[in-house]
Amino acid sequence: MEDRTQGRRQGPRTGPWAGEAGVYLAIAFTAAGLLGALQPATGIPPEVLQLTQLGPVFAVAGVALLWPARIGDRLAGALPALPARRGVRAGSTRERAARTAERTPPGAPGRAPAARRAAALLLTPFVVIALCAGGVLGTLGALPGTTSPALGHPLLLVVAAQFLGACAEEIGWRCHLQPLLRTRFGPLTASVLVGVAWGLWHVPVLTRQPAYAAGFLLGAVALSVILGLALDGMPSNRLLLAGAFHTLVNLGMLRVTDEASADATPMLVFGAACAAAALPWIAHAHARARRASPEPETADTITAAPAHRTR
């Protein structure tokens, strides 16, 4: 719920969040376009690794140069937590714990719930691909993605390249932009906004027929909702979890969709499968928010803004 009684900001540094988000998006879109134009000169097969995936890395670097004091808050929890070193003074430990608490959203999961949520997140791509494969087989009678050029390369190379590209994207979308928007919006709203921007960032998709683009955008928003709700308040490993989830989805798409085909049916089925897989996550987030709220709920708690919202 919005804090209307205090003029001072609470919680992590937010500042002009819209300006920071605008700079991130401008660099991410521009860098992706330039890297896409550079791809043919590198000789790297685009079906294995698309250089456009590195665009968010440049965007995060640009934001870090402009707002170095905030980048730590945005990327907190992206990597595994480092073990405490022996001999560190108690005062320093307390100070670090206080800083970590400031960056942790209310309702952050404990270690066991976080582990269960991480496991559920990594199982969800298999649900998406199973639903998608069943839908495509039911409508077309075959999986068009079995002829994907990426499958002609060594499997280990494809998996490694897909994971690298996925992490390059996720450090920007889920590890920077999502936490940034969470300083202003609730987890569901922030996830939808990130999903829309992420989907539109895949500019070449928008040049396809409207049905294909619509299916892709639906899938992007639904996947962003799954990732945003699963990782909200996660204390560590957010980048690795998001990258692994993204990689599993991409590898599955190689089997059930075909980017070279003019038939939009597989992509529409993919979007519907992602939306179906997102529904349990939304329901669980609603239930979790109701349990965590000390007051009777009269509004959508997973779309409400955090207490440290600023104007």
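Helices here are DSSP runs of H or I with at least four residues, strands are runs of E with at least two, and both are numbered from the N terminus. N237 has a positive phi of about 65° although it is not a glycine. That deserves a second look because most residues other than glycine have a negative phi. With a relative accessibility of 26%, N237 counts as partly exposed; buried means under 20% relative accessible area, exposed means over 50%, and partly exposed lies in between, using a 1.4 Å probe and protein chains only.

A word about what you are looking at. This is a predicted model, in which local features need pLDDT of at least 70 and side-chain atom pairs count only at pLDDT 80 or more, while totals for chains, interfaces and linings use all residues. Residues are numbered from 1 along each chain as its sequence is written, and side-chain values use heavy atoms, with hydrogens and water left out.

Now step back to the whole chain. What secondary structure does the protein chain have? There are 11 helices and 0 strands. Of its 311 residues, 43% count as buried. The accessible surface comes to about 15400 Å², and 67% of that belongs to carbon and sulfur atoms; such areas come from the Shrake-Rupley method with a 1.4 Å probe, and for residues only the protein chains shown count as cover. Among contacts with a separation of 6 or more, 81% are between residues 24 or more positions apart, where contact means heavy atoms within 4.5 Å.

Next comes the interior. In soluble globular proteins, nonpolar side chains tend to be buried together. A nonpolar core is a set of buried Ala, Val, Leu, Ile, Met, Phe, Trp, Tyr and Cys residues joined through side-chain atoms within 4.5 Å. The largest one here has 56 residues, and the members touching the most others are Y24, L121, W173, L177, L223, I226 and F270. At least two residues of this core come from each of α1 (17-42), α2 (55-66), α5 (111-140), α6 (155-182), α7 (187-201), α9 (210-231), α10 and α11 (265-292). Helix α9 gives the most, with 11 residues.

I226 shows how such a residue is surrounded. Leaving aside neighbours within four places in sequence, I226 is in contact with L121, T124, F245, C274, A277, A278 and W281. Not counting residues up to four places away in sequence, A278 touches A222, V225 and I226. The C-alpha atoms of A278 and V128 are 9.3 Å apart, though 150 residues separate the two along the chain.

Let us turn to two histidines. H246 lies in helix α10 (residues 238-256). Is H246 buried or exposed? It counts as buried, at 7% relative accessibility. Its side chain is joined to that of E170 by a polar contact of 2.7 Å. A polar contact is a pair of N or O atoms within 3.5 Å; within protein, one must be able to donate a hydrogen and the other to accept it, and residues adjacent in sequence count only if both atoms are side-chain atoms. Beyond residues up to four places away in sequence, H246 touches A166, E169, E170 and W198. The other histidine, H202, is found in the loop between α7 and α8 (203-206) and counts as buried at 19% relative accessibility. The side chain of H202 reaches the backbone oxygen of W198 at 2.8 Å. Setting aside neighbours within four places in sequence, H202 is in contact with E169 and F216.

Finally, look at how helices pack. Two packed helices are described by the angle between their axes and the distance between the axes. Axes are lines fitted to C-alpha atoms, for helices over the stretch in contact, and angles run from 0 to 180 degrees between N-to-C directions. Helix α3 (residues 68-75) and α6 pack at about 105°, with axes 8 Å apart. They are therefore roughly perpendicular to each other; angles under 35 degrees count as roughly parallel, over 145 as roughly antiparallel, 65 to 115 as roughly perpendicular and the rest as oblique. Here I71, R74 and L75 in α3 meet I171, C175, H176, P179 and L180 in α6. Helices α2 and α3 pack at about 135°, with axes 6 Å apart, and are therefore oblique to each other.
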